[in-house]
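Hello,

Here is the structure I promised to pass on. Please open it first, then read the notes below.

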Amino acid sequence: MKFLGRTEQRKKLHRMLERERQTVSLIYGRRRVGKSELIKQVLRESNIQSIYYECKQTTELNNVDSLAVLIAEKFGLPKPAFENMEEVLDFLFQKSCQDSLIFVLDEYSYLRDCVRGMDSILQSLIDRYNDRSRIRLVLCGSFVDTMQSLLFVENPLYGRVDLTIDLKPMDYFESALFYPSFSDEDKVRLYSVFGGIPYFNKLIDPALTVRENITELIASPGARLENEVSMYLRSEISRLINANEVFDALARGFSKYSDILSQSHVSSGPAMVDVLDKLIRMEMVEKQAPINDENNRKKVSYRIFDNLSLFYYRYIFRYLSQMNVMNPEDFYDRYIRDDFETQYVPHVFEVMCRQYLIRLNREGLLEEPFEKIGKYYYDDPVRKRNGEFDIVTKDAKGYIFYEAKFRKEPVSAEMIRTEILQVEETGLSCYQYGFFSRAGFTAKQEKNLKLITLEKMYR
């Protein structure tokens with residue numbers, strides 16, 4: 001299959017690998033996000049000889065033996081008899097003094113677990129061969145906490161990493177490259193379920209409908225991704241019960257800390273803080289603060305960042321007993337179909353609209369680049385109400401308010417006037433307004449309006 005997306009990350013890696021000296025690169029990100037495939041693609045595109053090794057969750061000697069086999073094959077040698085990992089690495093650093101060599105240690109955290117002082121061993125070799133080696137060392141791993149710790153001041157490798165890539169899930173635009181034959185509307189629906197994880201998106205079958213893909217991949221007993229979320233959590237979190245409680249509350253629409261705590265059965269506040277912090281580090285949950293009151297802890301909210309997790313806890317986890325005894329089509333019609341179309345997808349569409357604006361902002365395609373994007377909190381003491389606007393940007397000129405409409409009817413001029421009036425009544429002063437619409441517009445373009453169609457988002 002053709003490699004899709006990750007253009008910027010590939011450029012960064014190539015620039016690092018093409019330097020005529022020793023370099024160290026660190027690549028990390030959540031499981032299934034495509035770290036290994038990115039590295040392998042860059043290796044295919046490079047003319048520099050390379051050794052790619054996926055570390056094993058086993059003993060040091062087993063890893064040493066496996067690497068010795070690779071080295072023998074790469075350099076046409078009899079299998080070397082190494083005593084330990086330090087000898088293996090020293091051999092490769094010496095070889096790189098003669099010819100450039102890319103050496104990848106994938107799932108590096110496994111090697112750290114079985115080799116005592118692994119970071120110190122690498123640090124010693126990096127320093128010893130710094131002036132003469134031409135090794136391009138790439139360390140990769142899925143345990144984000146472990147990989148990030150390599151950058152800490154107290155770690156032996158501190159100050160020796162030349163490039164760090166925290167590989168995030170793809171946005172809606174890059175994700176759609178995996179299913180180009182679907183309509184723009186269906187691309188939104190697919191992204192709302194499978195998100196920006198390449199492994200999930202590769203499984204989407206273009207010969208099936210959105211509903212059939214959802215049913216076959218996650219919403220039926222024994223489906224390929226039915227246990228994906230729970231297995232990933234189990235591998236990273238010791239108290240899975242607390243994580244399930246938090247996810248269940250978030251999936252039901254509770255976003256404030258106090259509401260999540262009261263709606264779940266997590267035993268205490270500290271336990272809640274611990275599980276939320278862990279889920280945030282795993283990039284499964286996102287912590288949000290309004291852009292106009294970022295330091296107010298009372299206004300912080302949380303949302304499920306990973307779309308497959310959101311779908312799983314909203315529909316599968318909650319109705320697992322029903323799914324296991326029902327026909328998959330009947331289960332979809334009764335527990336998923338209506339809520340999915342009227343509530344779930346429109347909610348994710350708002351996230352996609354923010355991604356669209358960020359994409360344009362990074363590419364320099366906006367008339368006025370913004371420095372903040374997110375929710376805007378308002379408090380109206382006269383009408384005794386408060387709330388949040390979901391998509392607001394702040395730039396040098398002021399605020400721009402955006403509204404996302406994933407509905408069958410085109411957005412009319414009357415609907416736009418009503419939305420603008422509601423914004424003005426809260427006291428939010430905007431110099432421009434933007435509207436996203438799945439079904440287009442009957443309203444005409446005006447000077448202070450941005451009208452953005454679904455087609456434009458995918459252009």
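Which element gives the most to the lining of the largest cavity? Helix α12 does, with three residues.

First, some ground rules. This is a predicted model, where local features need pLDDT of at least 70, side-chain atom pairs count only at pLDDT 80 or more, and totals for chains, interfaces and linings use all residues. Residues are numbered from 1 along each chain as its sequence is written, and side-chain values use heavy atoms, without hydrogens and water.

**The cavity**

A search of the whole structure finds one cavity of 30 Å³ or more. A cavity is a set of points on a 1 Å grid over the protein atoms alone where a 1.4 Å probe fits but cannot get out. The largest holds about 30 Å³ of space, the volume filled by probe spheres set on the points. Its lining residues (an atom within 4 Å of a point) include Arg30, Phe200 and Met284. Two or more residues come from each of α12 (228-236) and α16 (307-316); helices are DSSP runs (H or I) of at least four residues, numbered from the N terminus. The lining has five nonpolar, one polar and three charged residues. Asp, Glu, Lys and Arg count as charged; Ala, Val, Leu, Ile, Met, Phe, Trp, Tyr, Cys and Pro as nonpolar; the others, Gly among them, as polar.

**A helix pair**

The axes of α3 (residues 60-75) and α4 (residues 85-95) come within 9 Å and cross at roughly 25 degrees. Axes are lines fitted to C-alpha atoms over the stretch in contact, with angles from 0 to 180 degrees between N-to-C directions. The two helices are therefore roughly parallel (under 35 degrees).

Best wishes

How values were computed:
Parallel < 35°, antiparallel > 145°, perpendicular 65-115°, else oblique. 1 Å grid on protein atoms, 1.4 Å probe; cavity = no way out; pocket = protein on both sides within 12 Å on 5 of 7 lines; lining within 4 Å.
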